[in-house]
Amino acid sequence: MNLVGTLLLISNDPDLCNTVNSLSNPLKFDTLCVGQLEDGIKLLRNGVTVDLVIFDQSKRSPAALLEWVSRDRICVIASSPESFSIDDAASLGISHVFTKPLLAASLNTLYKSAGFAGPASACSQISSTAPLPEHRFEELDHNRFFFAASPTMLRIYDEVRLLAPVKIPVLILGESGVGKEIIAMLLHKYHASTERTFLNVNCAALPTELLESELFGYEAGAFTGAMKSKPGKFEFAHNGTILLDEIGEMSPQMQAKLLHVLQDGSFSRLGSRSPTKVDVRVLAATNIDLQGAIAEKRFREDLYYRINTFTITIPPLRDRREEIPFLIKEMTSRSSLDLDRSFVFADELIEAAQGYHWPGNLRELKNFVVRTLILKDQNAALNDLQRKTMSSPGGSKSKSAPTSEIEFPAPDVSGMKGTINEMKNRTEIRLLSDALVASGWNRRKAATTLNISYRSLLYKIQQHGLTL
């Protein structure tokens with residue numbers, strides 16, 4: 001094999017050595033791995049020529065390497081942003097700093113800066129989009145991951161790392177699909193009880209009676225069909241973390257019971273007279289405007305302040321478009337394994353994805369990636385994205401045809417009444433669609449914008465067959 005370069009890795013982490021070696025082999029890069037800084041300097045002193053150096057920072061400074069290797073050929077891998085920051089690197093003139101785990105995209109950035117093409121992997125060849133200057137990546141359970149590159153998401157990552165060890169309630173806000181559960185999982189990952197259980201309960205998925213038994217459990221004979229006792233989610237999550245997702249949809253009756261649990265950490269199973277004591281970290285998430293819900297008496301103000309010791313608001317995907325190329329890469333890599341397919345997204349398609357507003361956020365983006373992988377028709381995917389972008393707020397169609405302009409249908413033979421009904425339906429559909437898109441499909445917010453009841457909005461959505 002004709003080698004095109006040599007990389008020196010200074011690390012005693014076998015996983016990192018394996019990762020760098022596997023990512024470098026497709027490029028025909030020779031990898032030298034030594035465990036200590038002194039061993040690496042000894043190789044350089046003895047005349048070994050290397051094109052790149054990756055230094056695994058572990059309470060050591062890479063300053064000694066500067067005598068032997070130019071600054072633009074050195075990359076520092078830090079265990080955390082706090083252990084070796086961008087400022088630390090800048091003081092030494094080093095421009096490449098990444099945090100563990102090392103990603104193919106990060107290594108690709110280093111290769112390109114040194115004048116080499118990136119590793120020949122599906123993940124790194126998806127797009128030639130400019131690499132991200134700074135990012136944070138965290139692997140989570142169940143094949144989930146956290147990624148941040150925009151200023152807002154990087155700040156959220158820093159906040160999460162500060163909040164994680166502190167056992168206080170955290171309220172996570174954001175539109176549907178932005179990744180509120182991901183933030184909750186990241187909070188749990190860095191909590192002291194991370195080895196304990198993490199449970200997610202969707203408060204909107206169950207009626208009040210079932211939600212109560214789901215959260216607090218029940219005793220045998222508490223109701224028809226309760227043949228034996230069953231512990232609830234709070235008991236299962238003892239010494240761990242519980243996420244109350246869609247807490248804004250919780251009934252007033254359940255809100256009162258939850259408030260009692262949060263105040264003293266005790267509750268009673270259905271049908272039991274003895275209290276159960278638990279120690280659970282409670283996180284809450286919702287896409288509803290809780291301040292508005294409080295004003296409308298749909299959410300208890302005292303419960304709001306109990307769960308709102310600290311609030312994290314996740315921006316929608318359209319406000320962090322610079323992250324879309326990497327997200328597509330990572331979703332493609334993971335979905336390709338599930339679907340047993342190898343696929344490379346074209347640059348033009350990724351650029352079109354960055355131009356679309358993604359009202360469904362990460363959930364819609366993942367569906368788009370999976371659908372494209374299955375159909376393998378990039379032209380169709382590109383045309384679909386361009387069509388939706390043109391008709392979305394801010395698209396060229398929207399600019400040339402404002403929402404106040406109504407397209408009148410041509411009169412038909414059914415007479416004036418049929419024409420008027422058709423005009424009414426078209427107008428209603430347009431107003432509903434505009435309100436839903438503008439609210440990111442937050443139906444309560446859309447109902448408030450349209451000045452109609454939430455129930456009426458649900459009926460009209462069903463009546464007209466509107467979908468995300």
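**Exercise 1.** Find which element gives the most to the lining of the largest pocket.

*Solution.* Start with the space itself: the largest pocket holds about 1,100 Å³. A pocket here is an open set of points on a 1 Å grid over the protein atoms alone, where a 1.4 Å probe fits, with protein on both sides within 12 Å along at least five of seven lines; lining residues have an atom within 4 Å of a point. Next, look to the centre: of 44 lining residues, R144, G177, V178, G179 and R363 are the closest to it. Then go through the elements, which are DSSP runs (helices H or I, at least four residues; strands E, at least two) numbered from the N terminus. Those giving two or more residues include β7 (145-148) and α14 (361-375). The answer is α12, with six residues.

Two notes before going on. This is a predicted model, where local features need pLDDT of at least 70 and side-chain atom pairs count only at pLDDT 80 or more, while totals for chains, interfaces and linings use all residues. Residues are numbered from 1 along each chain as its sequence is written, and side-chain values use heavy atoms, leaving out hydrogens and water.

**Exercise 2.** Sort the lining of the largest pocket into nonpolar, polar and charged residues.

*Solution.* Count Asp, Glu, Lys and Arg as charged, Ala, Val, Leu, Ile, Met, Phe, Trp, Tyr, Cys and Pro as nonpolar, and the others, Gly among them, as polar. The lining then splits into 19 nonpolar, eleven polar and 14 charged.

**Exercise 3.** Decide whether C75 and C203 are buried or exposed.

*Solution.* Buried means under 20% relative accessible area and exposed over 50%, with partly exposed in between (1.4 Å probe, protein chains only). C75, at 1%, is buried. C203, at 2%, is buried too.

Notes. Grid points are joined across faces, edges and corners, and a volume is the space filled by probe spheres set on the points.
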